[in-house]
Each structure stands twice: as C-alpha cells, then as structure tokens.
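Please open the model in your viewer and keep the sequence panel beside it. The tour below goes from one selection to the next and says what is to be found at each stop.

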Amino acid sequence: MAAPTSRKFLGRPSLPERTFVIDALRTETVGGVLLLVAAIVALILANTPLSGVYGDIRDFSFGPQALHLHLSVASWATDGLLTIFFFVAGIELKRELVAGELRDPRTAALPVIAAVCGMAVPALVYVTVSASGGGSLKGWAVPTATDIAFALAVLAVIGTALPAALRAFLLTLAVVDDLGAILIIAIFFTQHINLIALGLSLAALALFWLLHHKGVRTAWIYLPLAVVTWALMHASGVHATISGVAMGLMLRCTVRDGEERSPAERIEHRMRPVSAGVAVPLFALFAAGVPLSGDAVADVFTRPETLGVALGLVVGKAIGVFGGSWCAARFTRAELNEDLAWADVFAVATLAGIGFTVSLLIGELAFPGDPTLAGEIKAAVLIGSLTAALFAGVLLKLRNTKYQRLCQEEERDEDMDGIPDVYELDSPEYHLRMAAIHEAKAAEHRRLAEVAAANDSGDDGPA
C-alpha cells in the first residue's frame, strides 16, 4: 500500500484564484481605509461637544410604521446597509464553495478547521473570563468575528506585502468566519418569529432564484424584489441581513456558453465597491461612536464582559486560528510551504483578532436591553481590535523583507505576457519565448561589444 502523499499548506494558489484574491483584496483594502476613517470620525463626534448632534442624527427615526420599518438612522445602517455587506459575503461563500479553496474538502479542511477554532476559542475565553467574574454570558459571540476590511487596512497602513498564499488563506478564513457569524445571528439572535412574514420572505427568495436561473437579467425587477425580500425578513423577526446572504448564495457562479463571466462574478464586481466603500463605512460611522472617557476605558479591563471580549479578540483568536491550523496540518499530513514559517501563520492568526464590523453588530444584538453595557462592549471591541492590529503589525513587519522578496518572485513577468513566470515554468512556449528574449539580448550585447572594440581600435591610432 502506497504511503499517503502529503499536501502543501499555504502553497501557491492557482492563477485564477490568485487573480480573484488580488482583485478582491484591493477593493477591501481601500474599503478598510475608509472604514478606519469612518471609525475615527465616529469616535471624534462621540467624544467632543458635537456628541449631542451626533446622537440626535443617529437616533432620528423615519420609515413606514405599518411595515415595521420606522427605524432610527443607526438601525437603518445596521439592518439595511449591512445587508449589502452580507450579500457580498454570500456571493464570496458561494464562489469559494463552487470554484475556490472550499470546493475540495481536502483543501478546505485546513482553513475551515482554523476558522472554526478561531471562533470557538474566543467564545471559550469570553465565557471563562465572564463566568469567573460573575458577568453575563450573552456576549459570548462578540469576539468570534474577523473583519477582513479592517485587517487589510492595517496591512495597507504598515505597508506589508503578504504573499499570495497568506492573502488567500486570510480571505478564505474570513469567508468561513462570515458564514459562522451568519449562522450565529440566525440561530441565537432570533427570538420572536412571524411565520407569515417569514413564509412570504421565503416565497420572494424562491421567486428571486427562479428568475435568476431562468436567465432574467433586468435590474429593475431584482432591485424591488430584493427590497421586498429584505422588508419581509425584517418583519419576520429574523435578522434582515440573512436575506442578503440568501440572495448571494442563490447567484450562479458557473460560466455558460457565450458568457465571459458568471452572474455572481459580474454582480460581485459591481457590489463589492458599494459594500466596502459605502455600506460598511457608514455602518461604522453610526456604530463605532462610543464615549471613551478614562473611566470607560478602565471599565473595559475591570468588567468581566468587556474584558472577555477584549481577551477573546486578542488572545482567543490568535490561539484558535494558529492552533487549529497547526493541528489540521499535523493530522492531515499537510506540509507547510517551504518559503514560509509557522511564525507567518501566527501573525495572520493575530491579524484575525481584528473583529470590527460583525463584532459591533453582534454586540448590539447581544445586549438590546442594556445600552450602557452595549456601549462598553463596543469600546471593548475597539480596544481589542486595535491591540490585535498593533501586535499583528509588529509580527508582520519583522517578516516584511521576506514577504517583499516572495511577492517580487510572484509578480515577475519577464516575457511580458501578463502571466507571472512562476505559473509558466512547465510551459514549453514560455521557455521558447524566454530563449528568444535572451538571444535578442545576447545579440545586442555582441553588437555593443563590436562597437566598443571598434572605438578602442580608433583610440589606439595615431593622434
């Protein structure tokens, strides 16, 4: 019986996967910078004399009461704008399951195990800390989320060029993490269900699926249908963002004859900038504005619930993602990419402790009747995310020279055909092109040598 072959952990992704990751993370990085700016603006507004105006705007309510949509501006941002974010997350998840890292169970095992452990350990840290201090256990899910946009913004700020393998791992980890957050919101934060509204919402989703798979491409049909689906889901008692995930998962990710791109890829290309550049930053503008007085910051480290959130993000995420990755690699006989080290995995695991957007959302859902504690939980999310970002920045900066060398190797395209050379080493055509390029260079150098020799002969002649 042949010995089982080992697989590569954090090996170089395929060219299509690499292209998708680079395009996706480029948008997310820009969105992450806007997210940082929005969060800073929110904190300034909440901690200056403008806090009254900021609070009035955030609490201003509008919308039809009969449809259960008379909501505050903050609630519109949470339930409405974040639906766009989760819609894109649903498309990402569908693409990963159909054509990405999650399509092969053997390849998917490592990031899935890492993500699951990266959610379970922070929850365990929160429960342990909160229970030992006599605090509430309702916030156990707050430190389980990873904010990919915020994490990439940190990378953009510190100038770290992560190799494609680490970037793909981070994106896949975030996609699985988003799925876990979706399930947590749907299962644990749905209390009262209006079965009629839920049934009508599911019927609208079925109509959405039918029209899509019949090939209908008219936007003016889908936009009203999406709004109706969202409104019915909101009225049902299930969190409205679930409708966005469901619609994202229904999009077709395969390419048919005559199509250059699948509908999912085409729609994601249009919606990702809206999500990363508009929806998430606006949510942060109204969700991150919490008072950060000396007493409020001190309470984060003395109150069991807030300390559990902060430690869950900083310690729990790092231990969970790294431990899950190591155990998965150990027991599936996967070998770590020889160009990388386990220190790189730990740095990415620490980076996963930046839990901003979804953590803020779950913090609001976990303590709806206690706005004071909900605000302190938000402060804990901010402090924990900032601490994780600082630790990750230091760890990644220590390896930045190594990362830059790897990225240069991955980007090199000496034959200038638009495809990195590392993906063409097994192609005879590539080597023939390179031979022609080198022969042309050699011929040019021979010509220059002849010119130089002729000039030398002329210089040696009589004056």
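Helix axes are lines fitted to C-alpha atoms over the stretch in contact, and angles run from 0 to 180 degrees between N-to-C directions. Helices (H or I, at least four residues) and strands (E, at least two) are DSSP runs, numbered from the N terminus. This is a predicted model, in which local features need pLDDT of at least 70 and side-chain atom pairs count only at pLDDT 80 or more, while totals for chains, interfaces and linings use all residues. Residues are numbered from 1 along each chain as its sequence is written, and side-chain values use heavy atoms, with hydrogens and water left out.

**The whole chain**

Begin with everything shown: the chain has 17 helices and four strands. Of its 463 residues, 48% count as buried, where buried means under 20% relative accessible area, exposed over 50%, and partly exposed in between (1.4 Å probe, protein chains only). Among contacts (heavy atoms within 4.5 Å) between residues at least 6 apart in sequence, 79% join residues at least 24 apart.

**Helices H2 and H10**

Now select residues 51–59, which are helix H2, and residues 263–287, which are helix H10; the two pack at an angle of about 120°, with their axes 10 Å apart. H2 and H10 are therefore oblique to each other, given that angles under 35 degrees count as roughly parallel, over 145 as roughly antiparallel, 65 to 115 as roughly perpendicular and the rest as oblique. Tyr 54, Ile 57 and Arg 58 of H2 make the contact with Leu 285, Phe 286 and Ala 287 of H10.

**Aromatic pairs**

Rings of Phe, Tyr and Trp (its six-membered ring) pair if their centres lie within 6.5 Å, and planes under 30 degrees apart count as stacked, over 60 as edge-to-face and the rest as tilted. By this rule there are eight aromatic pairs. Select Trp 76 and Trp 230, a stacked pair at 5.7 Å centre to centre with 25° between the planes. Trp 76 belongs to helix H3 (residues 73–98) and Trp 230 to helix H8 (residues 219–236), 154 residues apart.

Phe 322 is in helix H12 (residues 304–331) and Phe 346 in helix H13 (residues 342–351), 24 residues apart. Phe 322 is partly exposed at 24% relative accessible area, and Phe 346 is partly exposed at 33%.

**Phe 87**

Finally, select Phe 87, which lies in helix H3 and counts as buried at 13% relative accessibility. Which residues beyond its neighbours within four places in sequence is Phe 87 in contact with? They are Gly 244, Val 245, Met 247, Gly 248, Leu 251, Ile 267 and Met 271. Phe 87 and Met 247 are 160 residues apart in sequence, yet 6.6 Å apart in space, C-alpha to C-alpha.
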